[in-house]
Amino acid sequence: MTNNSNRPEVILIHHTVSSRDRTSFSQVNEWHKTRWPNFISQLGWHIGYQYVIKGDGEVLQARKEDEEGAHTLGGWNRKSVGICLMGSFDHENPSTAQIEALERLLGGIRQRWGIERHQVFGHQEKWATKCPGKNMMTWVRGYRLNEKSEVVEKPGTIELSPAKVGMLKQLKKLNLQVIILGLMLQLQKLRNSLHKKK
Ligand SMILES: [Zn+2]
């Protein structure tokens, strides 16, 4: 364990208190940079959450899951994954795309860290704040209770790393070489039999 490591036991949901559809990742990064200029994640961002979900459902990672966060006081930054949705959910609702992305993301994080459904909380349940807004809190409470809508990451969404892609290319090459070798052997056999006939 290094000084700034994180061992997630819970997942904490936040909102940006800004426009759901008009807040960008770089804007959020700038806000955090102003407040904590020297706190930079291993991925190179000032954002204190592990993940940010834009209004259109795009998920962006700002911080590694096993890296200390900067989103919830009270010791939680070293035992939680922080997810922030763009929006101001006392006044607007999260978009369907955001909720779908959030469910998928929660499914993956819970699987990786063995976190139960009832260990997903809104920021306000761990610290005196209104974050993530009453509309988002309604969803969070429902998520904890609704065992039926268990979301598992679809097999099709598994991404190939550059290393894996390289390995597959190598395998294809190897395969081709084996085929060519086979053809050459066949040709040799054919030649041999032709010679014998002469
Ligand atoms: Zn918050």
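This is a predicted model: local features need pLDDT of at least 70, side-chain atom pairs count only at pLDDT 80 or more; totals for chains, interfaces and linings use all residues.
The expected span of a helix is taken as 1.5 Å times one less than its number of residues. Helix α2, with 18 residues, sits close to that mark: 26 Å from its first C-alpha to its last, against the 26 Å expected.

Start with the overall layout. The protein has four helices and five strands, which come along the sequence in the pattern β-α-β-β-β-α-β-α-α. Of its 198 residues, 27% count as buried. As for how the chain folds back on itself, take the contacts between residues at least 6 apart in sequence: 67% of these join residues at least 24 apart.

Next comes the sheet. In general, strands of a sheet pair through backbone hydrogen bonds, in either a parallel or an antiparallel sense. Here the five strands make an open sheet, ordered β3-β2-β4-β1-β5, with mixed pairing. Its edges are β3 (59-61) and β5 (120-122), each of which pairs on one side only. From one strand to the next, the twist averages 25°.

The pairings around β4 can be read off one by one. With β1, β4 pairs in the parallel sense over six bridges; V10 stands opposite S80 of β4, and H15 stands opposite L85 of β4. With β2, β4 again pairs in the parallel sense, this time over three bridges, and V52 has C84 as its bridge partner in β4. Further along the sheet, three bridges join β1 (residues 10-15) to β5, and these two strands run parallel. In that pairing I11 stands opposite V120 of β5, while L12 faces F121 in β5.

How well covered are these strands? For β4, six of its six residues are buried. Both of its faces are covered, with S80, G82 and C84 buried on one side and V81, I83 and L85 buried on the other. Strand β1 is largely enclosed by the rest of the structure, because five of its six residues are buried.

Back to α2 (residues 96-113), which lies across β1, β2 (51-53), β3, β4 (80-85) and β5, and runs at about 170° to β4. Its buried residues are Q98, A101, L102, L105 and R110. These cover an arc of only 160° around the axis, which means that they fall on the same side of α2. On the face turned away from the buried side, α2 carries the exposed residues T96 and Q111. After the helix comes G114, with a positive phi near 65°.

L102 counts as buried because it has 25 C-beta neighbours inside 10 Å, where the cut-off is 20 or more. Setting aside neighbours within four places in sequence, L102 is in contact with I53, I83 and L85. L102 also comes within 8.1 Å of G57, C-alpha to C-alpha, although the two are 45 residues apart in sequence.

Finally, the nonpolar core. The largest one has 26 residues, and those with the most contacts inside it are Y49, Y51, V52, I53 and I83. Two or more residues each come from β1, β2, β4, α2, β5 and α3 (134-145). The largest share, four residues, is that of β4. So the picture comes together around β4, which because of its six buried residues out of six is mostly covered, and across which α2 lies at about 170°.

Technical notes. Residues are numbered from 1 along each chain as its sequence is written. Two strands pair if DSSP finds at least two bridges between them. Axes are lines fitted to C-alpha atoms, for helices over the stretch in contact, and angles run from 0 to 180 degrees between N-to-C directions. Two residues are in contact if their C-beta atoms, placed from the backbone, lie within 7 Å. A residue is buried if 20 or more other C-beta atoms lie within 10 Å of its own, exposed if 12 or fewer, and partly exposed in between; C-beta atoms are placed from the backbone. The arc is that of the directions from the helix axis to the C-beta atoms. A nonpolar core is a set of buried Ala, Val, Leu, Ile, Met, Phe, Trp, Tyr and Cys residues joined through C-beta atoms within 7 Å.
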